Amino acid sequence: MKARRRTTWWARVRSRLRPPRTLKVTRIGRTYLVVTFGVGLGALNTGNNLLYLLLGLLLSMVVVSGVLSERCLRDLSVRRVGAEAAFAQEPFAFRWAITRHHGHAFALTLEEADSPLTGVGGVGYLPAGVDHVVRANLTAPRRGPLDLTGVRVTTTWPLGLFAKTRTFPLETTLLIYPRRTYACQDPGAPEQGPVGDAGNPRRNDGNGDVVGLRELAQGEDARRIHWRKSASAGKLLRVEREHEERRTFVLTVAAGLDAQALERRCEEVAALAHRLIEEGHEVGLDTPEERIRPSAGAAQERRLLRALAWLGHERPHGDEEAA
Amino acid sequence: MRKGTRLRLVLRDLGSGFAFASMAVSGQLPVWSLALYGLALVLALMGKRPFAHRVKLTALLLLAVAVTLGTNVLAGSLNLVVAACAFAGLISAQRVLSTPDAATDGQVHLSGLLMVAGGAALSGELIYGLFLILFGVMASIALALGVVEAAVPEGEPVPVRSVMGPLARGVTFAVLGAVAFFIFFPRLNWNMIGPTASPGLGVATAGFSNSVRLGGSGTIKDNPRIVLRATLSPDPERDSLNAYWVGRTYDVFDGQEWSNARQASGPFEFMTTLRPGRDNLVHQRMELMPAYGARTLVALETPSRLGNAFINTQRGSRRTHISEQGGGEVRFRDTGISYTYEAYSLPPGSTGDEVRDLPPEEQDALLAIPDGLDVRVAQTAARVLNGEREPLAAAQKLSAWLQREYKYTLELGGDVADPVADFLFQRKEGHCEHFATALTLMLRTQGMRARLATGFFGGERVTGGYVIRAGDAHAWTHVFVPGQGFVTVDATPPSHRASQSSRVLEQLVSLYEAVESQWRNAVLEYNFRDQMDAVRTVFPRQRHKAKGDEAPSRTPPPRAWGAALLAAVAAYALWRTLSRYLARERPLEATRFADAVESMLASARVARADGETLEALDARLGKEGHPLASALAPVTRRYLEARFGGRPLRQGEAQQLLSTLRNAVAMEAQRLAREGTRPPRARAS
């Protein structure tokens, strides 16, 4: 029991002496060190006490820089807020929440550790006890699930000579949707059936918004007459309404595509699905791994994108994702 | 430009300016480089950056300047270190006038570092230390603001005020660390290439030369700079010494200027004896300051022996030779920034000199009068003396007459053909050289031997010694009295013998000189021996009684290093503890804050129902439109956040909120007083 207590104490001392930090000298820091070295040489060479004084100041600034940056990285906690949607090769907004429990911190930059995501977020001043949300525009290189292992917090405070980094282990998976590139291929013929309306898009006899009024022609449906306007005009006027065209499409990703073709097809399907759903159509998806029934709306687009993102990747049981 | 960026750039430019000033105080930089840099700094501080779109052109100009400086160095007209410093200043000037971006900022700061390093090599002035600290502070703040600004998202303001506190503490610790490093880092001097010697701001003021020409102006009497420090033994312990400190004497006057009949110099030696000593000699430990600016040794009248001289240069101190010149002058062989030596002088009174001991040419010169001297000089002397033939009595009689009949002035009309006649019969006013010359010549016209002496008059007590200022420069007369030797007689009115500068200015200069003395002793001349003394003071050495102990090591003992390490660790632990203590969460702080708010509301006569909480009171006052409702709302909200929302009050925030509420209460009370109504009472609900 005693030995264990001693080990714990020693481990605590060791962890305090060697905290998990990485230190990188910045560009201006390198030049600063070179100048410091030169001043040191000059002081040793000449014995000029003013150069010794200057050397002491330069070295002290290095030490103070290390201490202050260490203080900035202590007592921090970080969590991911995540992103609305992350598309490959397109900047997407990503958020972290960072809190400092004691004291304040300066000049913190946040980024995902050991991941292909590029981009950083920054916070200039972090007071104690405030849950500060840091926003960054990140870019992912490719589609699919992306394992995030941790968040890297870096500070160059106070003088920008050294960049000290602390990594907070936070494991999760971010699902990157395929890029919605331009679709060269036509979505194909819409599905025929009881669902959807395949009327003439040029006819203004739909059930949508009012387009205008015109005189009722011979043989037209009397239910379209706008009676109040007709009474004021002294002739029968009919309402023309926009024809709402809603078709049903099922987009397919063929089996047996090589990796490059599969990526290309996923991007096309994502773009087509986006366009069709924006136009109000119902869109379904047929892939070798799953089939999604046609439906409309943003939730359906999200389902399609998620299916496309997982295509070709092994899906975990819990379907975890950060986005 | 974002809020805070302008401040950062101003601090950056000011830092560069202070770095340049640290070189400029050496007085060695070319004037054109001072002018160019000053212009660039003014433009930069005004926000004008004309080089922003002319990078290549200005780089070419810099190249041309570099070639010019290099040529001057090769030609031997410019020192290499000075040229390098000037070029660093011009690089900095070019950078501060360029587009301010991250790279430019870094280059400005680094050129500033080079400049302060150059300043350290060029100057040893006290003001250099001031500029070094100012540069460090300005550059540190500018760098920190730049670091924070880079992390702040676009469009958001830079939190300038929040940066200042932690940064100020950091800079303070850096300065303390620099001092600790300076004290404890062992002085290991390879001494391969020495720096250039510089007298710094010390302007040569004494100006002893081989002749003294009458005329010109006497502005030196206004100069309060200290040129000499002396420690006397036995110590007279008087606040004002009022003694004559002689540098040299003159015996030949040609009508315009004084010189010496004997110009030959004696051999160089470590100790020179001018006249035999006695038992009761006055010992003086002398220090000639950089402002002295001459190589002539000065001693209390009348000097007997001088020697044991050391010369101080930027290469260090070393022993030097001295030699006797004409006119009893003793001169250092080498030129340095300052000097120390010892002197022994006869006590005030007679010198014991005999005429026969002097060389024949000097004996004749003591009675010589210049050709064409106005005959009225002799007639006037005879009339004043009225038959007095005893030399000392005659000199004192003439001296009293001169002091009574003539006025002292530093305003002179310039060179005239016969300055003595001009002084005695035309202007009837002059400075010490006129009075001394007139007395000397009048004595000679009456067949009495006399000569002119120059040096200083005075002695102001400072920290156990005496200081002499440049304004104490003086001239007087030595009259030869048979059996006594040369006796000092001063014809200048007593009130005008010492420095004529203002008292306040003298005190200021004394303060500056005292600080500069500390700076020189504690910083510039700090060496390995001082380090050992400091360590021994902290850790007294315990003597081992056992015989056969080894010779004491000249390196610091391991315990000194261990103690230094422990001190550093203790300082760090103390800092951490203090930081945590100051940043600790104070229990019940929110409750105390609420109590203070309620007390303030009670003083404003805001009525409350029994058990009515602050939150309920705030809501009620808001509904009733009470004048204090707007001030109370943020206070209440912040209290609730601190008490229940997990957002404790920051340091000083409670005082700030209470101050706002207090102001609102005071304004409301004033408004009510103006209206002459009773304060409204909130209705208890």
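## Chain B as a whole

Among the contacts in chain B with a separation of 6 or more, 77% join residues 24 or more positions apart. Two residues are in contact if their C-beta atoms, placed from the backbone, lie within 7 Å. Chain B has 19 helices and 19 strands. Both are DSSP runs, numbered from the N terminus: helices are H or I with at least four residues, strands are E with at least two. Of the 685 residues of chain B, 40% count as buried. A residue is buried if 20 or more other C-beta atoms lie within 10 Å of its own, exposed if 12 or fewer, and partly exposed in between; these C-beta atoms too are placed from the backbone.

## Confidence and numbering

This is a predicted model: local features need pLDDT of at least 70, side-chain atom pairs count only at pLDDT 80 or more, and totals for chains, interfaces and linings use all residues. Residues are numbered from 1 along each chain as its sequence is written, while chains are lettered from A and ligands numbered from 1 in the order in which they are written.

The model scores ipTM 0.76 and pTM 0.60. Chain B averages a pLDDT of 83, and 89% of the residues score at least 70. pLDDT is the predictor's confidence in each residue, from 0 to 100. Over residues 191-202 of chain B the pLDDT is below 50, and this stretch has 37 contacts in the model beyond near neighbours in sequence. Residues 679-685 of chain B also have a pLDDT below 50, with 17 contacts beyond near neighbours in sequence. Where pLDDT is low, the predicted coordinates should not be read in detail.

## Where the chains meet

The contact takes 52 residues from chain B and 42 residues from chain A. On the chain B side, the elements that give two or more residues are α5 (102-122), α6 (126-151), α7 (160-184) and α13 (503-524) of chain B. The largest share, 11 residues, comes from α7(B).

By class, this side of chain B has 37 nonpolar, 12 polar and three charged residues. Ala, Val, Leu, Ile, Met, Phe, Trp, Tyr, Cys and Pro count as nonpolar; Asp, Glu, Lys and Arg count as charged; the others, Gly among them, count as polar.

Helix α9 of chain B spans residues 375-385. Its buried residues are Val377(B), Ala381(B) and Leu385(B). Seen down the axis of α9(B), they fall within an arc of 55°, so they line one face of the helix. The arc is that of the directions from the helix axis to the C-beta atoms. An α-helix has 3.6 residues a turn, so residues three or four places apart point the same way.

The face turned away from the buried side of α9(B) carries the exposed residues Val375(B), Gln379(B) and Arg383(B). The cover over the buried residues of α9(B) includes α10 (391-405), α11 (419-427) and α12 (432-445) of chain B. Just after α9(B), Asn386(B) takes a positive phi of about 55°.

## Strands of chain B

Five of the seven residues of strand β7 (residues 282-288) of chain B are buried, so β7(B) is largely enclosed by the rest of the structure. Six bridges join β7(B) to strand β2 (residues 226-233) of chain B, and the two run antiparallel. Two strands pair if DSSP finds at least two bridges between them. Leu232(B) stands opposite Gln284(B) in β7(B). Strand β13 (residues 338-345) of chain B also pairs with β7(B), in the antiparallel sense over seven bridges. Here Arg285(B) stands opposite Glu342(B).

An open sheet of three strands has the order β1-β5-β4 in chain B, with antiparallel pairing. β1 (212-213) and β4 (252-253) of chain B stand at the edges, each with a single partner strand, so one side of each has no neighbour in the sheet.

## Strands of chain A

Chain A has an open sheet of three strands in the order β11-β12-β13, with mixed pairing. β11 (248-252) and β13 (291-295) of chain A are the edge strands, each with a single partner, so one side of each is left without a neighbour in the sheet. β11(A) pairs with β12 (residues 282-286) of chain A in the parallel sense over five bridges. Thr252(A) has Asp286(A) as its bridge partner in β12(A).

Of the six residues of strand β9 (residues 210-215) of chain A, the number buried is zero, so β9(A) lies largely in the open. β9(A) pairs with strand β10 (residues 237-241) of chain A in the antiparallel sense over five bridges.
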